[in-house]
Amino acid sequence: MSTRKYQGRFITLEGGEGVGKSTLTRGLAAALRAKGREVIETREPGGAPGADEIRALLVQGEPGRWSAAEEALLFTAARLNHLIHTVRPALQRGAWVVCDRYFDSTRAYQVGGAGLAPDDHVELNALIRADYPDLTLILDIDPKLGLARSRGAQKGEDRFEKKGAAFHARVRAEFLSIAEREPQRCRVIDSGQPAEAVLAEALSAAEALA
Ligand code: TMP
C-alpha cells in the first residue's frame, strides 16, 4: 500500500542563477500534460498572491537589505502562503506540481551562501510543516556561466545576483551537498547540455514517480 500523503506528485527544480529552471519548468510541465496529467507550474518565492507580495521585498533592492535570518523568515512566510493556497490543494486533488525553487534554495542561499545555522533552517521547515518533494532536480552549471545568462537584472530582480562570485560558488557547493546527502530524492542534471537533453533527463526521472 502506498504511504504517500497525496494523490498528486510534488517535483521541485533547484539550482543557482541562470541554470535554466524556468525553461525546464515549462518544458517538463508541458511534457507531463501531454501524458494526460493535470499539472500546475509554480515558483518560489511567489506562487500565491501573498507570497508574490513578499517576493518583491526579497528580490529587489540592495543586496545587504536583509540579513540571512530575515531572509529565511521572509522566504518561509512566502512558502507557507504558497503551500496553503496553491501546492497542497493541487496535490490533494491529484495534480502534479512542478515548482521552480523550494526549501533547498533556502538551504543553499541562506545557509550555504549567507551563513544561517543549518538547524535554524530545519526548525523553520518544521514550523510550517513543509511538505517533502517527491523529486528534486538540481540543475548544475559553473556560476560564472549561469550569471552571464541570467535575466534577473532586466526585470529589476537581481538582488541575489549582485551578491558576488564567492557567494554563488558557496550556493552551488551547497546544492551539490544536498544531492549527496539525499540521493533518493535529488537528481543532479548538467545544465550545460542542450535544452532537449536536460528535458529528457528530467522527464525520465519524473515518469519514474508515476
Ligand atoms: P528566481 O530568480 O529563481 O525567481 O529566484 C529569486 C531569487 O531568490 C534567487 O536569486 C534565489 C533566491 N532564493 C533564496 O535565496 N532563497 C529561497 O528560499 C528562494 C526560494 C529563493
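Which residues of α4 are buried? In this predicted model, they are F103, D104, S105, T106, R107, A108, Y109, Q110, V111, G112 and G113. Buried means under 20% relative accessible area, exposed means over 50%, and partly exposed lies in between (1.4 Å probe, protein chains only). Residues are numbered from 1 along each chain as its sequence is written, and side-chain values use heavy atoms, with hydrogens and water left out. Local features need pLDDT of at least 70, and side-chain atom pairs count only at pLDDT 80 or more, while totals for chains, interfaces and linings use all residues.

The chain holds eight helices and five strands. Helices (H or I, at least four residues) and strands (E, at least two) are DSSP runs, numbered from the N terminus. Their order from the N terminus is β-α-β-α-α-β-α-α-β-α-α-β-α. The C-alpha atoms fill a box of roughly 45 × 40 × 30 Å along the principal axes. The radius of gyration, taken over C-alpha atoms, is compared with a globule rule of 2.2 Å times the number of residues to the power 0.38. For 210 residues a compact globule would have a value near 17 Å, and the chain agrees with 16 Å. Buried residues make up 51% of the 210 residues. Contact means heavy atoms within 4.5 Å. Of the contacts with a separation of 6 or more, 78% join residues 24 or more positions apart.

Helix α4 is mostly covered, with 11 of its 11 residues buried. The cover includes β1 (10–15), α3 (68–92), α5, β4 and α7. After α4 comes G115, whose phi is positive, near 90°.

Two packed helices are described by the angle between their axes and the distance between the axes. Helix α4 (residues 103–113) packs on helix α7 (residues 165–181) at about 130°, with the axes 8 Å apart. That angle makes α4 oblique to α7. Axes are lines fitted to C-alpha atoms, for helices over the stretch in contact, and angles run from 0 to 180 degrees between N-to-C directions. Angles under 35 degrees count as roughly parallel, over 145 as roughly antiparallel, 65 to 115 as roughly perpendicular and the rest as oblique. The crossing of α4 and α7 is right-handed. From α4, the contact uses D104, S105, R107, A108, Y109, G112 and G113. From α7, F167, H168, R170, V171, E174, F175, I178 and R181 take part. These contact residues divide into six nonpolar, four polar and five charged.

Several loops also carry local features. Most residues other than glycine have a negative phi, and most peptide bonds are trans. R101 is not a glycine, yet its phi is positive, about 80°. R101 sits in the loop between β3 (96–100) and α4. At 12% relative accessibility, R101 counts as buried. R129 also has a positive phi, near 50°. The loop between α5 (118–127) and β4 (135–140) holds R129. At 63% relative accessibility, R129 counts as exposed. The peptide bond from E44 to P45 is cis, with omega near -10°. P45 lies in the loop between β2 and α2 (49–59).

G36 is found in the loop between α1 (21–34) and β2 (39–43). With 69% relative accessibility, G36 counts as exposed. G36 and H121 are 85 residues apart in sequence and 37 Å apart in space, C-alpha to C-alpha.

Notes. A crossing is left-handed if the near helix is turned anticlockwise from the far one by less than a right angle, and right-handed if clockwise. Ala, Val, Leu, Ile, Met, Phe, Trp, Tyr, Cys and Pro count as nonpolar, Asp, Glu, Lys and Arg as charged, and the others, Gly among them, as polar.
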